[in-house]
Each structure stands twice: as structure tokens, then as C-alpha cells.
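Please open the structure in your viewer and keep the selection tool at hand. The tour below moves from stop to stop, saying what to select next and what is there.

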Amino acid sequence: MSANTALPPTLAKIVQRFQRHSDPKQRYEQLLWYAKRLPPFPESNKLPENKVSGCVSQVYITATLADGKVSFEGDSDAQLVKGLVGLLVEGLSGLTPAEIVSVTPDFIQDTGLNVSLTPSRANGFYNIFQMMRNKALACEVTAQAEVN
């Protein structure tokens, strides 16, 4: 396990799921399973401000804050990338913005996926992750502004 042992429980569970598979093909199948679990993404949310830049495929992320917890939605036109989105949506939703910001993207190494990802997909993963962190922070800023 890497130095980042303080993963949120859901994300830690996801990492463990991937660790059970040593075969890259099984990891891909696991990733595709996360892609299938993503709820349909509303066309109306496919806006420039929700688009992840630096991704070869089209990736969209939205975040909403309710009771101090962030809920993410996401989509991609590429199945493996959609799996990465699904993994992150499932792993990071339900956390507070502060918890999300404290997560570092190096947990991808613990899944073993970084070995099987092409450099552009790995880069895409980091861009998606960064966008989700930024959206979580934006949620918090908006919530603070509404309180004051």
C-alpha cells in the first residue's frame, strides 16, 4: 500500500476490488463495469464549463452539494474513460469538499490501472480527478457565499 492509506472508505473499497485482479484484462472489465454503473448523464449538462480539458475523449463532470456532501455526475464517449469517470464518481461522491481535496490521485497506482493505461488515458484520469477537486471546491465556495 502506498503512503496514501487514508483513502475514503468507498475509494479504498474500489482500490481493493482492482487489487484482486492481477490480469490487465480483468482490470479493464472492472473498469467497464464502472462505466455501466454510471447513471445517464443529462444532455443539458454537456456544457463547456463541465467539459474536462486535456482529455482526448469527451468527458463531462458536474458536482452538486447537499448537506455538506458533494455528489458527482459524469460521462464520457469512450468506454474505458467512462469507467475511470464511474470509478471516481462512485469513489468521491458523498464526501465533503475538504475530504475530496485531501485525496491524492496516486491511489490509481494502488489499483494497478496506471500500468495498463496509455499515457493519454492516464493524463485524462488526472485531468478528470483535478476537475472533480475543483468542482468540489467551487461547491464549497458557493455554499459559503450563500451562508454569508
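Begin by selecting Leu65 and then look in E2, where the bridge partner of Leu65 is Val70. The model is a predicted one, in which local features need pLDDT of at least 70 and side-chain atom pairs count only at pLDDT 80 or more, while totals for chains, interfaces and linings use all residues. Residues are numbered from 1 along each chain as its sequence is written, and side-chain values use heavy atoms, with hydrogens and water left out.

Now widen the selection to the two strands, E1 (residues 59–66) and E2 (residues 69–76), which run antiparallel and are joined by eight bridges; two strands are said to pair if DSSP finds at least two bridges between them. E1 and E2 form a hairpin, with two residues between them. In a regular strand the side chains alternate between the two faces of the sheet.

Select Asp67 next, which you will find in the loop between E1 and E2. Although Asp67 is not a glycine, its phi is positive, at about 50°. Is Asp67 buried or exposed? Asp67 counts as exposed, because its relative accessibility is 80%, and the cut-offs used throughout are under 20% relative accessible area for buried, over 50% for exposed and partly exposed in between (1.4 Å probe, protein chains only).

H3 has 14 residues and reaches 20 Å from its first C-alpha to its last, close to the 20 Å expected at 1.5 Å a residue, where the expected span is 1.5 Å times one less than the number of residues. H3 is mostly covered, with twelve of its 14 residues buried; among them are Leu80, Gly83, Leu87 and Gly91. If you follow the chain past the end of H3, you come to Gly94, whose phi is positive, near 90°.

Stay in helix H3 and select Val81, which counts as buried because its relative accessibility is 8%. Leaving aside neighbours within four places in sequence, Val81 is in contact with Ser57, Val59, Ser76, Arg121 and Ile128, contact meaning heavy atoms within 4.5 Å. Val81 and Gly124 are 43 residues apart in sequence, yet 7.8 Å apart in space, C-alpha to C-alpha.

Which residues of the two helices meet? On the H3 side they are Leu80, Val81, Leu84, Val85, Leu88, Val89 and Leu92, and on the H7 side Arg121, Phe125, Ile128, Phe129 and Met132. This contact of H3 with H7 divides into eleven nonpolar residues, no polar and one charged, counting Ala, Val, Leu, Ile, Met, Phe, Trp, Tyr, Cys and Pro as nonpolar, Asp, Glu, Lys and Arg as charged, and the others, Gly among them, as polar.

Return to helix H3 and select Lys82, which at 18% relative accessibility counts as buried. With neighbours within four places in sequence left aside, Lys82 is in contact with Ala35, Leu38, Asp75 and Ser76. Lys82 and Leu38 are 44 residues apart in sequence and 8.2 Å apart in space, C-alpha to C-alpha.

Leu38 itself is the next selection, in the loop between H2 and E1, and with a relative accessible area of 10% Leu38 is buried. Besides Lys82, the contacts of Leu38 beyond four places in sequence include Gly74, Val85, Gly86 and Val89.

Go on to helix H1 (residues 9–19) and helix H2 (residues 24–37), whose axes come within 9 Å and cross at roughly 145°. Their contact is made by Ile14, Arg17 and Phe18 of H1 together with Arg27, Gln30, Leu31, Trp33 and Tyr34 of H2; by class, these are five nonpolar, one polar and two charged.

For the last stop, select Thr111, in helix H5 (residues 107–111). Thr111 is buried, with a relative accessible area of 1%, and, not counting residues up to four places away in sequence, Thr111 touches Val15, Phe18 and Arg27.

Terms used:
Helix = DSSP H or I, 4+ residues; strand = E, 2+ residues; numbered from the N terminus. Axes fitted to C-alpha atoms, helices over the stretch in contact; angles between N-to-C directions.
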